[in-house]
Amino acid sequence: MYSVQIISLEAIINLMLYISLRQYEYVCAVGRHGSLSAAAQHLNVSQPALSTALTRVEAHLGYPLFVRRRGAAMALTPQGRSFIDRAEVLLKNAARIEASDTSVPETTKLRLGCFTDLAPFLLAPALQHLRATFADINLTYVAESFEGLLNGLMEGQIDIAITYDLTMDAGFARTKLFDSRPKALMPPDHPLATTTEVTLAALESYPLILSAEGLSAQHILGLFRQNGLRPSVAHRAASLEIQRSLAAHGEGIGISYASPPSTFSYDTKRLVSVPITDRDAAESVVLARHGTGPADPVIGKAEHVLLAGLTSV
C-alpha cells in the first residue's frame, strides 16, 4: 500500500510540472546557438544540466522543440520556432517587470506565405485583413513556389500559407477557401475561341503552354493522363504573364488556374480565356499550416480572419 502512495505522489508532482523562466531561457539559447554545447557555454551551465532541462520542457509540452541529428546542428521544429517566439516575448516582458517598465506593448509576429500565381489576387487583401484585425502585428510575407512554401512551413519560416491543395500530406492542416477551375488561354482566331467551355479531350491535339513550376505542370499533365490523354507541351513559361503572352501569339494553348480578368496580354495582344469543365480538374485553394494539432492562438485567429475575408475575393 505504501509503494502505491509513493507512485501516486510522483504522478501528481509530474502533473504539476511547470516551465520556469530559467528553462525558457535555456530553450531560447539552444534555438539561437543551434547546439547544446554552444548554448551551455553561453549560459555558463553544464551541458548535461541544459539537456535535462530541455528534455523536461519537451516532456511537459508533449511535443519536440528540436530535431536532433547526429553530427548536425539542432534544428527547430515548427512548434519549436513558435514556442521560442513566444518565450522570447515572455522573457522580455519579465525583464520589463523587473525594471518596472511595462509601457511597451507586445508585438504579434506572423509569417505569411502565398503561392506565386495566387499572390497578385490574394496577397494584398490577406495583408489588409490581418492588419485590420491585429492591433500590433509584425507581419512578413513571401510569394513562393509550391516547394518553397512546403519547405518554409516545415522549417518554421512560414506560419500559414495560401496555396493550392497539392502535394501536401497528412502532416499538414488545410482549410479550404474556395474551389478553382483551370482556364484554356488562346488567341481570338483559335478554332476553340468561340466556345463557352472546353474539355481536356478537346485540348489534347493542340500544343500546350504550361508553367515552368514543376509541380504545377505535373498536376496539369496528370489530369490529362487520368483521362487517357497524351498531349504535347510546346512551352514551359516562367511566369503567368509570359504564358499569357505566348498563348496570345498563338504559340499554343495555355492552361492556368489563375486567370486575370484582362482580355489582353502585357504586349496588348488579345486573349481569350475558356473554362475547362472536366469535373476532376477543379482544385481547392487552401490555408495550410504544418502540423495537425491545435493551431497556435495567433495562427488560429489568422486562419479565421483569412477564411472570412478571402472566400469572397
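Me: Which residues in helix 7 are buried?
Reply: Keep in mind from the start that this is a predicted model. A residue counts as buried when its relative accessible area is under 20%. In helix 7, which covers residues 146-154, those that are buried are Phe 146, Gly 148, Leu 149, Leu 150, Gly 152 and Leu 153.

Me: Which residue just after helix 7 takes a positive phi?
Reply: Just after helix 7 there is a residue whose phi is positive, at about 80°. That residue is Gly 156.

Me: Is helix 2 parallel, antiparallel, perpendicular or oblique to helix 3?
Reply: Two packed helices are described by the angle between their axes and the distance between the axes. The axes of helix 2 (residues 21-33) and helix 3 (residues 36-43) come within 8 Å and cross at roughly 125°. Because angles of 65 to 115 degrees count as roughly perpendicular and those over 145 as roughly antiparallel, helix 2 is, relative to helix 3, oblique.

Me: How many residues of the contact of helix 2 with helix 3 are nonpolar?
Reply: Among the residues that meet are Tyr 26, Ala 29 and Val 30 in helix 2, and Leu 36, Ala 38 and Leu 43 in helix 3. The contact also has two polar and two charged residues, while the number of nonpolar ones is seven.

Me: Is Glu 58 buried or exposed?
Reply: Glu 58 is found in helix 4, residues 47-61, and its side chain reaches the backbone nitrogen of Phe 66 at 3.4 Å. Its relative accessible area is 11%, and because the cut-off is under 20%, Glu 58 is buried.

How values were computed. Residues are numbered from 1 along each chain as its sequence is written. This is a predicted model: local features need pLDDT of at least 70, side-chain atom pairs count only at pLDDT 80 or more; totals for chains, interfaces and linings use all residues. Side-chain values use heavy atoms; hydrogens and water are left out. Buried means under 20% relative accessible area, exposed over 50%, partly exposed in between (1.4 Å probe, protein chains only). Helices (H or I, at least four residues) and strands (E, at least two) are DSSP runs, numbered from the N terminus. Axes are lines fitted to C-alpha atoms, for helices over the stretch in contact, and angles run from 0 to 180 degrees between N-to-C directions. Angles under 35 degrees count as roughly parallel, over 145 as roughly antiparallel, 65 to 115 as roughly perpendicular and the rest as oblique. Contact means heavy atoms within 4.5 Å. Ala, Val, Leu, Ile, Met, Phe, Trp, Tyr, Cys and Pro count as nonpolar, Asp, Glu, Lys and Arg as charged, and the others, Gly among them, as polar. A polar contact is a pair of N or O atoms within 3.5 Å; within protein, one must be able to donate a hydrogen and the other to accept it, and residues adjacent in sequence count only if both atoms are side-chain atoms.
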